[in-house]
Amino acid sequence: MKVDWDHLRFFLVLARAKTLTNAARLMEVEHSTVARRIQALENTLGTQLFKREAKGYELTAEGLALVPRVEQMEQSFIQIDKRHDPLQGRVRIGAPE
């Protein structure tokens, strides 16, 4: 089983946003893309992560258990990304002549 990090990112955004529309807006994609990514992740893991409700998406027990682990991954990625940012700590100002 190989889990796709991008699917996990979509999972985390949907867990926080609660609706496909809000998650899609945050990810700057169509809502169908969010739904496809979640379905692919659920298929890979062999479990349902969300309950589809009229008011939005609610995490299942399995989804709730997954959130902190994915949040740890997200924080690790942010730390790695910050360390390798050549502009970190610098301010760049642009002005017309």
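Here is a tour that starts with the whole chain and ends at a single residue.

**Stop 1: the whole chain.** Keep in mind that this is a predicted model. Switch to a cartoon view and you'll find four helices and two strands. Follow the sequence along, and the pattern reads α-α-α-β-β-α. Now try a surface view: the accessible surface comes to about 7100 Å², and 51% of that belongs to carbon and sulfur atoms. How much of the chain is buried? Buried residues make up 29% of the 97 residues. If you look at contacts between residues at least 6 apart in sequence, 49% of them join residues at least 24 apart.

**Stop 2: H1 and H3.** Select residues 5–17, which is helix H1, and residues 31–45, which is helix H3. Two packed helices are described by the angle between their axes and the distance between the axes. Here the axes come within 9 Å and cross at roughly 115 degrees. Angles of 65 to 115 degrees count as roughly perpendicular, so that is how H1 sits against H3. The crossing of H1 past H3 is left-handed. Want to see who does the touching? Show the side chains of Asp6, His7, Leu8, Phe10, Phe11 and Leu14 on H1, then Thr33, Val34, Arg37, Ile38, Ala40 and Leu41 on H3. Color them by type and this contact divides into eight nonpolar, two polar and two charged residues.

**Stop 3: H1 and H4.** On the H1 side, pick Trp5, Leu8, Phe11, Leu12, Ala15 and Arg16; on the H4 side, pick Gly63, Leu66, Val67, Val70, Glu71, Met73 and Glu74. The residues in this contact split into nine nonpolar, one polar and three charged.

**Stop 4: Gly63.** Zoom in on Gly63, which has its place in helix H4. Is Gly63 buried or exposed? Its relative accessible area is 0%, and buried means under 20%, so Gly63 is buried. Leaving aside residues up to four places away in sequence, Gly63 touches Phe11 and Leu49. Finally, select Phe50: it is 13 residues from Gly63 along the chain, and their C-alpha atoms are separated by 6.4 Å.

Key
Residues are numbered from 1 along each chain as its sequence is written. This is a predicted model: local features need pLDDT of at least 70, side-chain atom pairs count only at pLDDT 80 or more; totals for chains, interfaces and linings use all residues. Side-chain values use heavy atoms; hydrogens and water are left out. Contact means heavy atoms within 4.5 Å. Ala, Val, Leu, Ile, Met, Phe, Trp, Tyr, Cys and Pro count as nonpolar, Asp, Glu, Lys and Arg as charged, and the others, Gly among them, as polar. Axes are lines fitted to C-alpha atoms, for helices over the stretch in contact, and angles run from 0 to 180 degrees between N-to-C directions. Angles under 35 degrees count as roughly parallel, over 145 as roughly antiparallel, 65 to 115 as roughly perpendicular and the rest as oblique. A crossing is left-handed if the near helix is turned anticlockwise from the far one by less than a right angle, and right-handed if clockwise. Buried means under 20% relative accessible area, exposed over 50%, partly exposed in between (1.4 Å probe, protein chains only). Accessible areas come from the Shrake-Rupley method with a 1.4 Å probe; for residues, only the protein chains shown count as cover.
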